[in-house]
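The following account leads the reader through a structural model, one element at a time. Please keep the sequence and the coordinates in view while reading.

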Amino acid sequence: MDFLRFLGAVEHPTGLWANIIDWLEGGIANYAVVIILLTLIIKFVMLPFDFFNRYTSKKNSIVMAKLQPELNKINKNYANNPNLRNQKTAELYKKNNFNVYSTCLGMLLFLVLSMTIFFTLFSALNAMSAYKINEEFNSLYGTYNTVYEQSYNNYSSVTTDYTTAEDYATACAETAVINQYGEIKTGFLWIKNIWRADNWSKVTLDYDAFLKETKQTEDVV
C-alpha cells in the first residue's frame, strides 16, 4: 500500500452539468442511477429536435421522389449546358417550394447540438470521476495512517504472530483500508466502482495510478 505521501486536493467540479448531477444526486443518492436518469432526460429533451429532423428529412425525400421525373428531363435536355440546367433546376425547386439545403441544415444543427452535449457532459463526468477518486483515496489514506499508528502503539499489548510492530501495524492498516473501501465505493449491479475501471487484481489504487486517474501530477504533493 502506497499511502505514505500527502496528497493534494481535487476541487469539486463546477459548471452546468456538475450542478445538475449534484442536484439529482441530492434526491437519489446513487450516482449510477443519476447518470442513467440524466441520459434519459437528455434523450427526452432532444426528442423534439430528433423528431423534427426526421420529419423534415422524410418530407423532403417525398418531394424529391415526386420531382425526380422532371429533374431527369432537365438533366437530359440540358446535359450540354450546365448553367441553364442549374437554372431550370432552381426554378423547379422554387415552383414547388422546395429548399434543397433545409435537410442538410437541420441535420447539421442536430449534429452540432448532440456533439456539444456529448463532449461537455463527458468532460464533466471525467472531472467528477477525478474528484470522487480523490475523495476515496484521501479517506483511505486517513484510515491507513490512523489504524497504522494505533496498531503500532498497541503492538506490545496484543498477542500476534507478527514479529515486528511495523508488520503488525501494516497488516491492520491494510485490512482496515480494504474494509472501508467496500463501504465507501460507489458500485452498481456488477460494476464494482463506477468511477474507475474494474481491476480484479487490486482493491485500491496505488499512488501512481491515483495520480493518473485524478489527472494530477507530482506538483500537488
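In which helix is the place of T89? The model is a predicted one, and in it T89 belongs to helix 3, which comprises residues 82-95. Its relative accessibility is 14%; buried means under 20%, so T89 counts as buried. A polar atom of the T89 side chain lies 2.8 Å from the backbone oxygen of R85. Leaving aside residues up to four places away in sequence, T89 touches L71 and I74.

Attention now turns to helix 2, which runs over residues 31-77. With 47 residues at 1.5 Å a residue, helix 2 should span 69 Å; the C-alpha atoms at its ends are 64 Å apart, which agrees.

Helix 1 covers residues 16-28. Which residues of helix 1 are buried? They are W17, A18, I21 and L24. These residues cover an arc of only 135 degrees around the axis, and therefore lie on the same side of helix 1. An α-helix has 3.6 residues a turn, so residues three or four places apart point the same way. The other side of helix 1 carries exposed residues, namely L16, W23, G26 and G27.

How values were computed
Residues are numbered from 1 along each chain as its sequence is written. This is a predicted model: local features need pLDDT of at least 70, side-chain atom pairs count only at pLDDT 80 or more; totals for chains, interfaces and linings use all residues. Side-chain values use heavy atoms; hydrogens and water are left out. Helices (H or I, at least four residues) and strands (E, at least two) are DSSP runs, numbered from the N terminus. The expected span of a helix is 1.5 Å times one less than its number of residues. Buried means under 20% relative accessible area, exposed over 50%, partly exposed in between (1.4 Å probe, protein chains only). The arc is that of the directions from the helix axis to the C-beta atoms. A polar contact is a pair of N or O atoms within 3.5 Å; within protein, one must be able to donate a hydrogen and the other to accept it, and residues adjacent in sequence count only if both atoms are side-chain atoms. Contact means heavy atoms within 4.5 Å.
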